[in-house]
Every structure is written in C-alpha cells, then in structure tokens.
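Let's take a look at how charged side chains pair up in this protein. Have the sequence and the 3D view ready.

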Amino acid sequence: MRNKEEAVVVFSGGQDSTTCLAWAVKNYKKVYAVSFDYGQRHKKELECASEIAEKMGVEHTVLNLKELNALAPNSLTRADIAVDKDAPEEGTPNSFVEGRNLLFLTYAAIFAKTHGVTDVITGVSQSDFSGYPDCRDVFIKSLNVTLNLAMEYEFDIITPLMWIDKEQTWEMADDLGVFDLVRNETLTCYNGVKGDGCGDCPACKLRKRGLDRYLERRVTK
C-alpha cells in the first residue's frame with residue numbers, strides 16, 4: 001500500500017527547496033529532508049539546511065556524494081573556477097553540476113523506499129531552469145519511470161515549482177508563512193552569501209528579480 005502521509009524532500013537550504021519543504025510540512029504528516037555533501041564550495045549551504053530543518057521540526061539527513069566533486073569540476077565545486085555572471089549563448093553555464101539532480105533524486109528515492117515512503121519532492125522548475133537540463137519536466141518524468149522500474153516501487157516525484165517562476169515562488173513562500181525565513185535564512189547565492197546574497201551571480205539576479213516583482217504587488221494583496 002502506498003504511504004501518502006509521508007514525503008522525502010531533496011533539500012539544499014536554498015529558496016526553492018525551503019519553499020518546497022514548507023509546502024511538504026503543510027501537506028504531509030511526516031517529512032524527511034535529505035541533503036547532499038557533494039564537495040560544494042560553500043559548506044554554509046549544509047549549515048543553513050540543518051538550521052532550517054530544525055526550525056521546521058523536520059528530520060534531516062546529509063548523504064555523502066563527494067565523488068561528484070572530482071567527476072564534475074565546475075564553479076560550484078572548485079574555488080579556482082569563477083562563476084559565470086551571465087548565461088552562455090550556447091551550452092550550459094559553468095555552475096551546472098553534471099548529473100547532480102539525477103544522483104540526488106536516485107539517492108533520495110532509495111532513502112524513501114527504505115523508509116516506506118513513495119513521494120519524493122524536489123524544487124526544480126522549468127520556468128526558471130537557468131539552462132540546467134536536469135530541471136526540466138521531461139527529465140523528471142523520465143527518471144520517475146526509471147526509478148519505478150529499477151526498484152519495482154511506485155515512486156511519485158513531485159515538483160511544486162515546475163511551472164511557476166521566482167515571483168510566484170516568493171508568493172508561495174508568503175502564503176505558506178515562511179517568507180521572512182526564505183528571504184533571510186536560505187542560501188541561494190553561488191558565491192555563498194546567505195539571505196539576499198552577493199547580488200551579482202545568476203542565482204542572486206534571478207532571485208532578486210522575482211522578489212522585486214512580487215514586492216511591487218505584495219502591498220496591495
């Protein structure tokens with residue numbers, strides 16, 4: 001029998017995954033947050049994830065995927081590679097970590113099955129996917145089928161943010177009562193600056209653009 005009262009959230013401690021965690025807490029009786037140490041430059045990311053999970057009363061597990069650092073050198077794992085300030089005209093940005101979401105979701109699914117859970121939640125979005133191919137809906141649907149076949153288990157990969165942009169993500173966080181927490185305590189910045197971030201990297205620009213648009217109409221709600 002499928003257990004629809006519990007869920008596993010792939011949790012980075014950033015804006016999107018924190019919003020998804022709050023959404024899961026509202027919609028499930030028990031929620032597990034799973035984060036990954038993949039040799040990322042900014043360990044503060046994992047610290048934020050731990051602090052936020054504790055505040056939300058969610059069990060938090062950090063899994064080791066440090067081999068990804070050596071396999072997929074990029075600006076999020078190597079201090080000697082500067083983060084692209086703008087998306088390239090062709091190809092993926094140098095902040096793209098090859099296979100990251102594939103591995104994260106596979107490990108999260110294994111964790112879910114061993115805990116008797118079917119629903120795995122991730123904060124990917126095709127509306128604001130920043131050129132990352134593993135944030136697209138077609139990838140998620142394909143992987144969902146693959147995981148079901150690989151483990152003979154009825155996983156359901158749920159993507160609450162798939163078809164909304166950053167402005168709407170801020171609105172969701174506000175509706176869930178975690179607007180201030182997301183704004184001040186998450187780490188989305190590619191340069192490792194908590195809260196509003198460095199303001200210069202692509203993640204910060206995308207986050208701020210959505211925030212500014214939402215704040216323009218928030219006062220009239």
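Start with Asp137 and Lys141, whose side chains meet in a salt bridge at 2.7 Å, N to O. A salt bridge here is a side-chain nitrogen of Lys or Arg within 4 Å of a carboxyl oxygen of Asp or Glu, and by this rule the count comes to 13. Keep in mind that this is a predicted model: local features need pLDDT of at least 70, side-chain atom pairs count only at pLDDT 80 or more, and totals for chains, interfaces and linings use all residues. Residues are numbered from 1 along each chain as its sequence is written, and side-chain values use heavy atoms, leaving out hydrogens and water.

- Asp137 and Lys141 both sit in helix H5 (residues 137-151), four residues apart, which is about one turn of the helix.
- Helices (H or I, at least four residues) and strands (E, at least two) are DSSP runs, numbered from the N terminus.
- Asp137 is buried, with a relative accessible area of 13%.
- Buried means under 20% relative accessible area, exposed means over 50%, and partly exposed is in between (1.4 Å probe, protein chains only).

**Across the chain**
- Asp16 and Lys166 form a salt bridge at 3.1 Å, N to O.
- That pair links distant parts of the chain, with Asp16 in helix H1 and Lys166 in helix H6 (residues 166-175), 150 residues apart.
- Both Asp16 and Lys166 are buried.

**Out toward the solvent side**
- Lys29 and Glu5 also meet in a salt bridge, at 3.5 Å, N to O.
- Lys29 counts as exposed because its relative accessibility is 71%, while Glu5, at 43%, counts as partly exposed.
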